[in-house]
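Welcome! Take a moment to look over the sequence and the model, and then let us walk through them together.

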Amino acid sequence: MGPIDLRSLTDVAEPLQTWVLPVLLGLGLASATGLRTFLPLLMLALAAKFGLFGIELNDRMAWLADWPAISALAVAAVLEFTGDKVPVVDHGLNVLGAFTRPIAGAVAAGSVFVGVDPMMAAIAGLIVGAPTAFAFNAAQGGARLASTATTGGLGNPILSFIEDVLSVLMVVLAFLAPILVPVLMVVLALVLFRLARRMRGRMDARDGAIRAGAARPS
């Protein structure tokens with residue numbers, strides 16, 4: 001067995017560190033922002049601030065780890081967490097999220113491309129983060145509408161709490177094992193899809209029972 005070519009290993013490791021891992025981490029963060037706009041950004045900012053999980057931000061997005069930004073994100077995350085537990089308000093947040101969450105996803109994804117041209121990092125953030133966040137926000141909206149139709153909105157706070165947990169878990173697991181992010185995204189999408197389908201099934205069963213009752217002769 002010949003000697004190990006350290007230059008070849010470096011050639012392989014460099015694009016992995018510069019592009020592949022940031023793409024995977026960005027996908028994880030963006031999918032989490034599809035469920036919550038500010039909480040994933042807050043977790044990213046705190047991880048960068050305290051050097052957790054080896055998380056770094058590129059120079060243009062370093063402000064995200066400053067205390068004023070962290071404080072603003074914390075307040076926004078608490079307001080979003082609280083408002084999403086209130087019927088009607090939760091639907092307003094979801095509609096607003098169709099615009100804000102792709103932006104948050106692009107910011108989160110773009111910020112983790114360290115050591116590349118700032119313009120390239122921004123473009124990568126848009127490509128990776130915006131559509132991912134939009135897709136997960138749309139899936140969340142479908143589950144939320146089905147919940148409202150089947151429970152009259154009473155089940156929405158429970159569904160909202162499940163989404164909080166999923167968003168946090170997605171960020172933490174993306175920090176710990178970004179290589180698993182594609183699998184986790186599929187699992188998260190399936191969870192949201194099955195929740196929506198189960199609630200739609202209940203709605204269809206209820207509507208069928210109502211129609212059957214109405215069709216019975218008096």
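## How confident is the model?

What pLDDT does the chain average, and what share of the residues score at least 70? The chain averages a pLDDT of 83, and 82% of the residues score at least 70; pLDDT is the predictor's confidence in each residue, from 0 to 100. This is a predicted model, in which local features need pLDDT of at least 70 and side-chain atom pairs count only at pLDDT 80 or more, while totals for chains, interfaces and linings use all residues. Residues are numbered from 1 along each chain as its sequence is written, and side-chain values use heavy atoms, with hydrogens and water left out.

One stretch calls for care. Over residues 8–13, pLDDT stays under 50, and the model has 1 contact there beyond four places in sequence. Contact means heavy atoms within 4.5 Å. Where pLDDT is low, the predicted coordinates should not be read in detail.

## The overall fold

The chain has 7 helices and 0 strands, giving the pattern α-α-α-α-α-α-α along the sequence. Helices (H or I, at least four residues) and strands (E, at least two) are DSSP runs, numbered from the N terminus.

Of the 218 residues in the chain, 42% are buried. Here buried means under 20% relative accessible area, exposed means over 50%, and partly exposed lies in between (1.4 Å probe, protein chains only). Taking contacts between residues at least 6 apart in sequence, 74% join residues at least 24 apart.

## Helices 2 and 3

Helix 2 (residues 39–50) and helix 3 (residues 67–83) have axes that come within 9 Å and cross at roughly 150°. Axes are lines fitted to C-alpha atoms, for helices over the stretch in contact, and angles run from 0 to 180 degrees between N-to-C directions. Helix 2 and helix 3 are therefore roughly antiparallel to each other. Angles over 145 degrees count as roughly antiparallel, under 35 as roughly parallel, 65 to 115 as roughly perpendicular and the rest as oblique. The crossing of helix 2 over helix 3 is left-handed: the near helix is turned anticlockwise from the far one by less than a right angle, whereas clockwise would be right-handed.

Which residues meet here? On the helix 2 side they are Leu-39, Leu-41, Leu-42, Ala-45, Leu-46, Lys-49 and Phe-50, and on the helix 3 side Trp-67, Ile-70, Leu-73, Ala-74, Ala-77 and Glu-80. By class, this contact has 11 nonpolar, no polar and 2 charged residues. Ala, Val, Leu, Ile, Met, Phe, Trp, Tyr, Cys and Pro count as nonpolar, Asp, Glu, Lys and Arg as charged, and the others, Gly among them, as polar.

## Helices 4 and 5

The axes of helix 4 (residues 89–111) and helix 5 come within 6 Å and cross at roughly 155°. That makes helix 4 roughly antiparallel to helix 5. Helix 4 passes helix 5 in a right-handed crossing, and the residues of their contact divide into 11 nonpolar, 11 polar and 3 charged.

Asn-137 sits in helix 5 (residues 118–151). Is Asn-137 buried or exposed? With a relative accessible area of 3%, Asn-137 is buried. Beyond its neighbours within four places in sequence, Asn-137 is in contact with Gly-34, Asn-94, Gly-97, Ala-98 and Arg-101.

## Arg-36 and Glu-80

Arg-36 lies in the loop between helix 1 (6–33) and helix 2, and counts as buried at 1% relative accessibility. Not counting residues up to four places away in sequence, Arg-36 touches several residues, among them Glu-80, Asp-84, Arg-101, Arg-144, Glu-163 and Asp-164. Arg-36 and Asp-164 are 128 residues apart in sequence, yet 7.2 Å apart in space, C-alpha to C-alpha.

Glu-80 belongs to helix 3 and is also buried, at 7% relative accessibility. Leaving aside neighbours within four places in sequence, the contacts of Glu-80 include Arg-36, Thr-37, Leu-93 and Arg-101.

## Two loop residues with positive phi

Most residues other than glycine have a negative phi, and most peptide bonds are trans. Phe-53, in the loop between helix 2 and helix 3, has a positive phi of about 60° although it is not a glycine. At 44% relative accessibility, Phe-53 counts as partly exposed.

Val-88 is found in the loop between helix 3 and helix 4. Val-88 has a positive phi of about 75°, again without being a glycine, and counts as exposed at 67% relative accessibility.
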